[in-house]
Structure formats: C-alpha cells, structure tokens
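Please look through the sequence and the fold below before reading on. The paragraphs that follow lead from the terms used here to the strands and their pairing.

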Amino acid sequence: MLTYPMEDRGALPLYEYLYRRIRQDILDGTLSAGERLPSKRALAEHLRLSVITVESAYAQLEAEGYLYTLPKRGFFVCSLERSPAAPAASVHIPAEPAAPAWRLDLGRNQTDGSRFPVAAWARLTRQVLSENTFLAPTAHQGLYALRKALANNLRNYKGMAVSPEQIVVGAGAEYLYLLLAQLLGSEAVFAVEEPGYPKIRQVYRKCGIVCRSVALDAQGMDVDALRAAGANVVHISPAHHYPTGLVTTIGRRQALLRWAEEQGGTIIEDDYDSELRFTGRPIPTLQSIDRSERVIYMNTFSQTISPAMRIGFMVLPPRLLERYRRELDFYACTVPALEQHVLTRFLEGGFYEQHLSRMRKEYRFRRAAVLDAFRSSPFAHRISIQEQGAGLHFLLRLDTDESDESLRQRAAERGVRLGFLTEYAAVPQPEQAHTLVVNYASLTPERLTEAMALLAELFLD
C-alpha cells in the first residue's frame with residue numbers, strides 16, 4: 001500500500017501533494033510500468049483522506065499520461081522512458097551584465113525624458129482605459145485612427161500626400177527593417193550608407209540580405225558608386241544622416257530617383273530625427289518628390305519622444321502595398337493597442353506638435369550651450385567641430401596620436417562613455433580616426449562644467 005507522510009505537504013493542497021509523490025515514485029521507478037495502484041477508496045482509507053482527494057490526484061496523473069485505467073480493474077502505471085540522473089551540480093548560467101553607471105555618456109543616442117508631457121499622456125491613457133476600446137482587435141497594419149493621424153501629420157508638416165491605407169505601424173525601426181527584408185526579397189541586394197548606422201547592416205544581414213556599403217561624398221550617396229555596387233535597393237537618411245549630419249542635396253536626390261526609375265529599384269528613406277532641425281526650413285522628404293512610386297518612407301518617435309517609445313511606421317508606395325498585403329498581411333501589429341490609441345489622441349489633440357515645438361527650443365538652446373562650452377574649454381585648441389544645426393549629435397575631431405580604442409578604454413576607466421565615427425564604418429578609414437560622435441541630449445547646462453572637466457582630464461592627459 002502506498003504510504004506518504006501527508007503532514008509534510010506544507011502549504012500544498014492534499015490532492016496536489018499526493019499527485020506529486022505518486023508521480024515521483026513513477027519517475028524514479030519505485031512504481032514500475034504496469035503495476036496496479038490501490039483503488040481510490042482503499043488508498044483514501046489508508047491515508048485517511050477523502051475519496052475525492054485521491055480521485056483528483058489520480059485524474060491529474062491520468063491526464064498527464066502517468067496512469068491509465070482498465071474498466072473494472074483499476075489504475076495502472078504507464079510505461080515511461082527513464083530520465084537520466086540529474087547532474088550533481090546545476091549548470092552555471094551567467095547573469096546578464098549590469099549596465100555601467102556612466103558619470104558622462106556621450107556615446108549613446110538618447111533624449112531628455114524629463115521634458116515629456118507626462119500629465120497629458122496619463123490623462124489620455126485614463127480616457128482610453130475608461131472607454132475599453134483598446135481591447136478590440138486592431139488591423140494588421142495598425143490602428144486605422146492612428147494611421148489617419150500619422151497621414152495628417154505627414155501632410156501638414158512634411159507635404160506628403162499619403163493615405164492611411166499606405167501606412168504600416170510597427171514596434172520600432174528594427175522591426176520595420178525585418179519586414180522590409182521580407183517584402184523586398186532575399187534575392188535583393190541592399191546598398192547602405194558608409195559610414196552609417198550599424199544596426200541597419202546587422203539586421204539585413206541576419207535576414208540573409210546581401211548588403212553593400214556605398215561611400216558618401218559631400219552631397220550624399222555617390223550614385224556612380226551605387227551603380228557599381230549592383231544594388232537594387234538603397235537605404236538612406238537624406239534629411240540628416242547619422243552620424244555625419246550630412247544633408248543630401250536636391251541634385252543628388254533627383255539623381256537617386258533617376259537611378260531607381262532606370263534600375264527598377266527601391267529607395268528606403270529613413271527620415272531619422274529630421275524633425276529636430278534648428279536652422280532654416282524643414283528639408284522636404286524624398287518621398288514627396290517621388291513620381292514613380294520608388295520610395296518607401298519610414299520614421300519613428302525615438303528621437304522626438306523617447307527611444308523607449310517603440311513605435312515606428314512606414315509608408316509603402318501603391319506598387320508595393322498590394323504585395324505587402326498579399327505576402328505579409330498575416331503579421332499582427334506588434335504595437336500594443338493601448339499605446340496606439342493613446343498616441344492617436346496625442347497626435348489628434350495637438351500635444352505632439354506642442355511637445356516637438358518645446359523640444360526644438362530646448363535642444364536649440366542646449367546645443368548652443370554645449371558647443372560654446374566645447375569651444376571655450378581648456379582643450380579647445382585640440383578639437384574641431386562639424387555640425388549641421390540639426391539633430392541631437394555632432395562630430396568632434398580630436399588632435400591626438402592616440403588610437404580610438406585606447407582613448408575609449410581610458411575614458412571608460414574614468415566613467416566616461418565615448419563613441420567614435422570608426423564604429424559606424426563597415427571598413428574604417430584612417431581619416432575617420434580620432435573623430436567622436438557626441439550625443440549631447442543629456443548634457444544639461446547644470447552638468448556642463450563637470451563634463452568639460454572630465455573631458456579635459458582625458459584630452460589633455
């Protein structure tokens with residue numbers, strides 16, 4: 001007769017403790033295959049339990065395949081493969097490395113979240129929650145109301161005549177890259193900017209896409225080099241290239257569109273941080289002058305709101321929209337419905353444009369203060385600055401013979417994170433050495449004195 005110390009069950013229900021003990025006896029071979037178990041009534045009397053308790057334990061064991069029943073004969077142990085003995089010591093799984101606590105971080109692309117209108121966002125969230133509309137299924141391309149609000153925003157502020165049906169919403173730029181790799185096909189050859197944002201190359205290559213780096217000149221991507229690369233898709237950031245800040249000229253934009261028409265190619269216009277332009281008029285998008293349906297436009301809210309806001313979107317030309325719906329419309333939208341509803345109201349209510357206007361003023365002031373601090377610093381004679389009056393970064397060339405890696409390591413030892421232009425090149429060139437990509441969004445005026453002192457220790461050492 002099966003005998004178990006039921007008083008050792010702790011906080012477990014009686015039936016679950018009994019189930020676990022019998023299961024363990026089956027697994028370790030104490031109860032052999034084909035062995036008949038006591039009847040429910042007999043075991044209940046022996047263990048001083050209710051018949052219902054024993055019945056529940058047996059039922060669970062039968063459901064999981066440890067027992068089987070024969071009519072009018074009872075419960076029997078199933079034949080199981082014996083698991084190998086557990087190792088004496090469990091395998092060590094290293095913990096995820098903790099993020100360094102930097103005293104000064106100029107290498108990471110970031111925004112100042114302290115200026116975000118949290119109260120307005122919270123109020124809109126409460127409104128959406130109170131209506132329960134966010135529980136309804138959303139379209140695969142994203143909430144229609146959000147796509148309509150995005151289309152209105154593109155028309156009003158970028159001169160783009162697009163319909164909500166052309167827009168696909170997704171969880172950030174990297175997810176959209178994955179979709180584009182599948183949409184345009186594994187046989188496509190992608191040209192990417194050199195230097196350029198490394199994740200673009202990394203994502204496309206992980207998708208099996210052939211990526212070829214094409215150099216930039218003073219006007220943008222070299223079209224002759226693009227032709228020589230044999231590409232039929234090109235991924236560019238014409239409004240404000242990261243990390244150089246280069247703006248593609250209108251002549252070069254027209255040449256790129258001619259290339260796409262002649263080659264039957266596709267241009268992916270990554271409109272990275274174009275909203276944060278501090279001098280002159282906004283740069284018109286390439287999509288707005290495309291007459292042959294060759295441009296896929298994409299953008300995110302990572303710079304205008306926060307990188308934590310994992311919401312991006314792309315605008316497909318009609319010739320590719322039908323293909324997308326035919327081949328990829330089985331993908332559900334990856335952005336939670338609640339966030340889509342709230343962002344829709346944030347756009348429709350004018351909160352986004354108000355926030356963007358405030359941040360342009362704030363970053364314009366901050367950028368001027370940061371540039372002035374660098375130009376009046378103790379190491380000013382050793383640096384030259386390249387900036388385009390836009391975005392949350394600029395380039396700083398340091399007069400030094402020290403390698404980028406050595407300088408990076410010395411900086412890290414002092415709690416300073418630096419980023420270098422060579423990190424963005426597939427094949428770093430000598431002329432790119434000693435050039436820092438300075439992300440200044442976290443440099444508030446109150447921190448400038450400390451930041452300059454830390455950098456002086458590094459640059460004048």
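Two strands are said to pair if DSSP finds at least two bridges between them, and the elements themselves are DSSP runs numbered from the N terminus, namely helices (H or I, at least four residues) and strands (E, at least two). The model is a predicted one, in which local features need pLDDT of at least 70 and side-chain atom pairs count only at pLDDT 80 or more, while totals for chains, interfaces and linings use all residues. Residues are numbered from 1 along each chain as its sequence is written, and side-chain values use heavy atoms, with hydrogens and water left out.

With these terms in hand, one can turn to an open sheet of three strands, which follow the order 12-13-15 with antiparallel pairing. Strand 12 (383-386) and strand 15 (435-439) stand at the edges and have a single partner strand each, so one side of each is left without a neighbour in the sheet. From one strand to the next the twist averages 30 degrees, where axes are lines fitted to C-alpha atoms, for helices over the stretch in contact, and angles run from 0 to 180 degrees between N-to-C directions. Strand 13 (residues 393-398) runs antiparallel to strand 15 and is joined to it by five bridges, with Leu396 standing opposite Leu436 in strand 15.
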